[in-house]
Amino acid sequence: MGKGPGPARRSRPLLPRLVMALAAIGLFLLAYQWGNQYRYSGGPPAISGVLIRPAQPLPDFLLRDSAGEPVGRGDLLEHWSLLAFASLSDAGGHRGIARLVEVYNRLADRRDLRKRLRLLVITADAAPARVRDFERLSPAIAVLSGLRDAVADVAVALGAEPDAALNGSADEPPTLFLLDPNAELVALFPGAQLPAAVAEDVAALARYQRRTGDDHTD
């Protein structure tokens, strides 16, 4: 005669299982919160462009604005600067300026940042009439010009290729360089990076500096 079915398997009490589930959820929330704190306050944000760490102070320089007034490093303090080297007489330079404007337009919902962001075009071949035409594209644009050696020196300080900075490139838009309100290079954005991604990176770095107190502006 065969053996009958064994004793029924007892189910575990409900209360201990609920306690374990709640404990697991609590641990997850704590880990998530800790991870967010580490990501956003423990270090700079991850960006699509190239993050410069530590930030590199820009040495002093002498260029001139469209009114012929001298511009140096001190004039870049207390606001963000997104700059490009461009030859105003070729298509590559025109694309670079258009890229700056598109990045600025992508920040339309970040009014505080737009008020504190300047678009700088550095060139060695400025002509007054042409400069005025480009500065009309956006109130944030300022064209800074200088002798070829002066422009090349600024390019070298930012890690740019002097020849490309002076003569432009027909292959792709120029690299963009981001200076923080302390006139320090904090990031660069290769020509292949889309303006929308550049705008997100600029906004993320501005939020980070404001949160950490490295941004000395109001």
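Trainee: What makes the pair S87 and D125 a polar contact?

Mentor: The side chains of S87 and D125 are joined at 2.8 Å. The cut-off for a pair of N or O atoms is 3.5 Å, so the value of 2.8 Å for S87 and D125 meets it. Leaving aside neighbours within four places in sequence, S87 is also in contact with other residues, including G93, T123 and N167.

Trainee: Why is the pair E102 and R106 called a salt bridge?

Mentor: The closest N and O atoms of E102 and R106 are 3.7 Å apart. A salt bridge requires a side-chain nitrogen of Lys or Arg within 4 Å of a carboxyl oxygen of Asp or Glu, so this pair is called a salt bridge. Side chains of opposite charge can pair when their charged atoms come close.

Trainee: What separates E102 and R106 along helix α2?

Mentor: The two residues are four residues apart in helix α2, which means that about one helical turn separates them.

Trainee: Are E102 and R106 buried, partly exposed or exposed?

Mentor: E102 has a relative accessible area of 35%, and R106 has one of 45%.

Trainee: Which residues are linked in a network of salt bridges?

Mentor: The network links D109, R110 and E200. R110 forms a salt bridge with D109, where the closest N and O atoms are 3.5 Å apart. The side chains of R110 and E200 meet in a salt bridge at 3.7 Å, N to O. R110 lies in the loop between α2 and α3, and E200 lies in helix α7, so this pair ties together parts that are 90 residues apart in sequence.

Trainee: Why is D109 called exposed, whereas R110 is called partly exposed?

Mentor: D109 has a relative accessible area of 61%. Exposed means over 50%, so D109 is exposed. R110 has a relative accessible area of 22%, which lies between the limits of 20% and 50%, so R110 is partly exposed. E200, at 42%, is partly exposed.

Trainee: Which residues have the most contacts inside the largest nonpolar core?

Mentor: That core has 33 residues, and those with the most contacts inside it include W80, L119, V121 and F189. Among the elements that give two or more residues to this core are β4, β5 and α7. The most comes from α7, with six residues.

Trainee: Which residues does V121 touch?

Mentor: Among those touched by V121 are A84, L88, I97 and V143, not counting residues up to four places away in sequence.

Trainee: How do you know which parts of the model to read with caution?

Mentor: The average pLDDT of the protein is 81, and 76% of the residues score at least 70. Where pLDDT is low, the predicted coordinates should not be read in detail.

Methods
Residues are numbered from 1 along each chain as its sequence is written. This is a predicted model: local features need pLDDT of at least 70, side-chain atom pairs count only at pLDDT 80 or more; totals for chains, interfaces and linings use all residues. Side-chain values use heavy atoms; hydrogens and water are left out. A nonpolar core is a set of buried Ala, Val, Leu, Ile, Met, Phe, Trp, Tyr and Cys residues joined through side-chain atoms within 4.5 Å. Buried means under 20% relative accessible area, exposed over 50%, partly exposed in between (1.4 Å probe, protein chains only). Contact means heavy atoms within 4.5 Å. A polar contact is a pair of N or O atoms within 3.5 Å; within protein, one must be able to donate a hydrogen and the other to accept it, and residues adjacent in sequence count only if both atoms are side-chain atoms. pLDDT is the predictor's confidence in each residue, from 0 to 100.
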